[in-house]
Amino acid sequence: MTTVDLGDRFGGDGVQWGAILKDAGMAALVALVLTLLLFGVRLSDGGGGGLQFRPWWVVIAVASVFAGRGAVALWIGTRKPASAAALPWFDRALARLSQHKRLLFAGFFLAVAILPLLPVADRRMVDLATLVMIYVMLGWGLNIVVGLAGLLDLGYVAFYAVGAYSYTLLAIHFDLSFWACLPLAGAIAALFGVLLGFPVLRLRGDYLAIVTLGFGEMVRIILINWSDLTGGSEGITGIAVPTFFGLRFTPTPAAGETAFHQFFAIPFAGIHKLIFLYYIILVLALLTHLFSERMRGLPLGRAWEALREDEIASRSLGLNPVLVKLSAFGIGAMFAGFAGSFFATRQGFINPSSFTFIESAIILAIVVLGGMGSQVGVICAAMVLILLPELARDFAEFRMLLFGGAMVAIMVWRPRGLLAHRVPSVRLGPEPPGARRGGPP
Amino acid sequence: MEYFLQQLINGLTLGAVYGLIAIGYTMVYGIIGMINFAHGEIYMIGSFIALICFTILGLTGVASVPLAILVVLVVTVLFTAAYGWAVERLAYRPLRGSFRLAPLISAIGMAIFLQNYVQLLQGARVKAMAPMVTGGFVVTEKAGFQVTLSYMQITIMALTVVLMAGFSLVISRTALGRAQRACEQDQKMAALSGIDVDRTVSLTFLLGAGLAAVAGVMTTLHYGVIDFYIGFLVGLKAFTAAVLGGIGSLPGAMLGGILIGLVEAFWAAYFAAEYKDVAAFSILVLVLIFRPTGLMGRPEVEKV
């Protein structure tokens with residue numbers, strides 16, 4: 001917390017208590033300034049000007065910072081500074097794991113595929129797995145835009161919202177089935193992507209980020225205020241669940257109709273529907289994955305990566321940057337549209353509060369924390385970011401606090417993401433020995 | 001006409017606040033090239049500290065209003081600046097020189113953290129205070145419609161002008177300003193010529209947070225209602241203002257802030273109030289399409 005570099009303080013004869021105490025004292029002083037008013041005084045709700053003083057909170061906060069900083073200083077002091085920060089054991093473990101990449105991949109896929117059929121799988125578990133899958137799919141979709149094409153998109157949730165609302169409105173007003181709406185919703189989202197992208201893709205990195213962020217907010221505000229179409233902030237309810245080749249998931253089918261459990265002559269269970277939804281999102285997510293993996297080998301995918309690495313060089317080689325970026329933007333938006341449709345049908349209702357900036361931030365965090373462009377990284381980051389808050393339901397109030405803190409901590413710890421290494425899509429000449437370490441592509 | 005004049009006054013007041021916050025964005029972006037996403041939350045923390053100070057002063061019974069405001073200003077700026085410093089030290093400095101997206105993600109995480117931190121400490125409900133500065137001038141009056149310029153609005157605008165002037169002086173005349181401009185152009189070279197880059201960046205964050213704190217004090221006084229969520233939208237608009245004016249340019253940030261404030265006020269007055277935020281962002285998109293470097297930004301030369 002202070003500017004003291006601890007590394008060189010412990011050169012010779014053991015621990016220097018004076019330096020540690022001074023360092024921890026400085027940290028405690030800063031903590032005192034930070035906490036004095038916000039911890040020490042609680043404003044009463046509403047007007048009235050009531051106050052509640054709680055000096056003990058300040059004392060506890062300052063004392064714990066003092067103790068914590070002192071402990072960290074001791075811990076860093078007793079080992080080499082480099083090893084504390086870079087954590088080479090993590091990289092070593094990754095390298096060892098990636099030697100058995102195919103085996104691991106197959107095992108993981110098998111586990112994911114049979115997960116809902118296992119006897120331990122209850123409703124909550126299948127539901128959680130579905131939720132994680134949605135974010136994995138969104139992460140893979142955004143990875144096309146951010147990881148492959150290098151366009152920073154902070155408003156990805158706008159396309160997710162467009163997909164969800166397109167699906168819902170089509171399904172309700174035109175009575176179309178999920179399977180008919182899904183491609184339509186994707187197409188509409190892609191169209192939105194192209195329409196937004198066309199004017200703004202000439203902008204450089206951070207400008208693009210802020211414009212997409214603004215666009216995400218605009219979509220949300222329009223959804224809230226255009227009540228005739230979108231139902232305003234209440235949203236739309238009563239979205240139908242997809243059918244299994246025409247068989248509905250219902251305990252009481254209408255006359256002359258066969259429900260899923262009757263057709264297969266099994267007792268009705270609510271979990272059937274959840275398992276069916278899980279497999280839909282699994283297939284959708286895998287499609288996204290296969291698509292982007294194939295894209296990397298195709299000319300368009302190579303153009304994305306070339307443009308990300310060096311725009312000027314690619315332009316001088318005859319690439320049309322606007323067209324190339326636009327395709328990435330549109331395709332990324334399309335997958336968000338698919339995910340949005342699925343989200344709407346899973347929830348059964350939608351309203352604008354599901355499509356706030358926080359969602360965009362979570363999706364981008366999944367891509368970046370996982371290691372940009374790494375497909376496996378997206379899975380890991382989605383599991384960490386979605387499962388941890390869900391498992392920490394007991395500390396519901398601290399959930400988002402921990403979430404924000406974890407984002408900062410992971411970035412400081414591994415700025416390039418959990419699985420930082422990326423295998424190049426195309427290589428000239430033979431592969432250098434030992435190059436294939438880190439995560440699979 | 002009277003209605004127009006009143007909206008102009010309201011828009012200018014709002015714009016002054018956006019401008020003050022936008023300077024924090026533009027300075028940080030200029031010097032280390034990152035969007036300090038947590039800056040809006042720093043403004044929110046400033047508002048809370050200001051409200052706490054006002055309430056404490058109210059309990060001790062300070063009679064003179066200008067004295068109270070002055071004391072609160074100083075205290076709030078100091079305590080909020082500490083937050084600005086700590087955020088940079090914890091979340092951004094370890095990532096300096098790392099790849100482009102890392103500080104941005106860290107900043108987004110910090111923004112989420114700070115929002116929930118204040119929500120946990122102070123509760124999620126709205127906090128309010130009774131207006132301290134009341135009254136104002138009646139500029140014109142016609143057919144029962146008064147155009148008023150309240151004392152509070154005068155204070156906000158005057159304070160903004162004074163701070164802007166002082167700030168321009170700091171940047172153009174002092175050693176700190178010189179160091180900042182040097183770091184903006186080339187950090188490595190600046191370090192070689194004896195400038196402490198870390199210290200300069202820290203001071204930049206302190207100054208930016210201080211200005212956001214002033215904006216927080218002013219909005220708390222003027223509007224009187226705050227909650228833990230106010231930082232996000234205000235921060236977003238202030239950043240829009242900074243981009244609009246040309247990021248890295250101080251007068252540009254002020255100009256952008258005033259433009260955004262005016263657009264919002266007039267749009268809310270003459271069109272649909274619900275869509276005022278949409279209007280502000282649309283202006284941003286339009287400006288960026290036709291002038292990608294913002295209104296007062298220097299055109300960027302691409303080097304190959």
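# Close-up views of a predicted two-chain model

**Figure 1. Helices of both chains line the largest cavity of the predicted model.** Helix H9 (205–225) and helix H16 (357–370) of chain A, together with helix H2 (39–60), helix H4 (101–122) and helix H9 (230–245) of chain B, each contribute at least two residues to the lining of the largest cavity. H9(B) provides the largest share of this lining, with five residues. In total, 22 residues line the cavity. Those nearest its centre are A:Phe357, B:Phe37, B:Glu41, B:Ala111 and B:Phe232. The space inside amounts to about 210 Å³. A search of the whole structure returns five cavities of 30 Å³ or more.

**Figure 2. Chain A is assigned two domains.** Domain 1 of chain A covers residues 7–86, and domain 2 covers residues 121–413. The C-alpha centres of domain 1 of chain A and domain 2 of chain A are 41 Å apart. Chain A contains 18 helices and four strands. Of the 441 residues in chain A, 50% are buried. Among the contacts in chain A with a separation of 6 or more, 72% join residues 24 or more positions apart.

**Figure 3. A:Arg54 has contacts in both chains.** A:Arg54 is situated in the loop between strand S2 (51–53) and helix H2 (55–77) of chain A. Its relative accessibility is 9%, under the 20% limit, and A:Arg54 therefore counts as buried. A polar atom of the A:Arg54 side chain lies 2.7 Å from the backbone oxygen of B:Leu121. Not counting residues up to four places away in sequence, A:Arg54 touches A:Leu38, A:Phe39, A:Gly40, A:Val41 and A:Arg42 in chain A, and B:Leu121 and B:Gln122 in chain B.

**Figure 4. A:Thr130 is a buried residue of helix H6 in chain A.** Helix H6 comprises residues 123–148 of chain A. A:Thr130 has a relative accessible area of 2%, and because this value is under 20%, the residue is classed as buried. A polar atom of its side chain lies 2.7 Å from the backbone oxygen of A:Val126. Leaving aside neighbours within four places in sequence, A:Thr130 is in contact with A:Leu274, A:Tyr278, A:Ile281, A:Phe342 and A:Arg346.

**Figure 5. A:Ile280 is a buried residue of helix H12 in chain A.** Helix H12 spans residues 271–297 of chain A. The relative accessible area of A:Ile280 is 6%. The C-alpha atoms of A:Ile280 and A:Thr130 are separated by 9.3 Å, although the two residues are 150 residues apart along the chain. The contacts of A:Ile280, leaving aside neighbours within four places in sequence, are with A:Phe178, A:Trp179, A:Pro242 and A:Phe342. A:Phe342 is also among the contacts of A:Thr130.

**Figure 6. Helix H15 of chain A is mostly covered.** H15(A) consists of 27 residues, 321–347. From its first C-alpha to its last, H15(A) reaches 39 Å, close to the 39 Å expected at 1.5 Å a residue. Of its 27 residues, 23 are buried. The N-terminal end of H15(A) is capped by A:Asn320, with a side-chain oxygen 3.2 Å from the backbone nitrogen of A:Val322. After H15(A) comes A:Gly348, which has a positive phi, near 85°.

**Figure 7. A:Asp175 is a non-glycine residue with a positive phi.** The phi of A:Asp175 is about 55°. This residue lies in the loop between helix H7 (156–173) and helix H8 (178–200) of chain A. With a relative accessibility of 68%, over the 50% limit, A:Asp175 therefore counts as exposed.

**Figure 8. B:Leu163 is a partly exposed residue of helix H5 in chain B.** Helix H5 comprises residues 151–173 of chain B. B:Leu163 has a relative accessible area of 25%. Not counting residues up to four places away in sequence, B:Leu163 touches B:Leu20, B:Leu211 and B:Val214.

Methods: Residues are numbered from 1 along each chain as its sequence is written. Chains are lettered from A and ligands numbered from 1 in the order in which they are written. This is a predicted model: local features need pLDDT of at least 70, side-chain atom pairs count only at pLDDT 80 or more; totals for chains, interfaces and linings use all residues. Side-chain values use heavy atoms; hydrogens and water are left out. Domain bounds come from an automatic or database domain assignment. Buried means under 20% relative accessible area, exposed over 50%, partly exposed in between (1.4 Å probe, protein chains only). A polar contact is a pair of N or O atoms within 3.5 Å; within protein, one must be able to donate a hydrogen and the other to accept it, and residues adjacent in sequence count only if both atoms are side-chain atoms. Contact means heavy atoms within 4.5 Å. The expected span of a helix is 1.5 Å times one less than its number of residues. On a 1 Å grid over the protein atoms alone, a cavity is a set of points where a 1.4 Å probe fits but cannot get out, and a pocket is an open set with protein on both sides within 12 Å along at least five of seven lines; lining residues have an atom within 4 Å of a point. Grid points are joined across faces, edges and corners, and a volume is the space filled by probe spheres set on the points.
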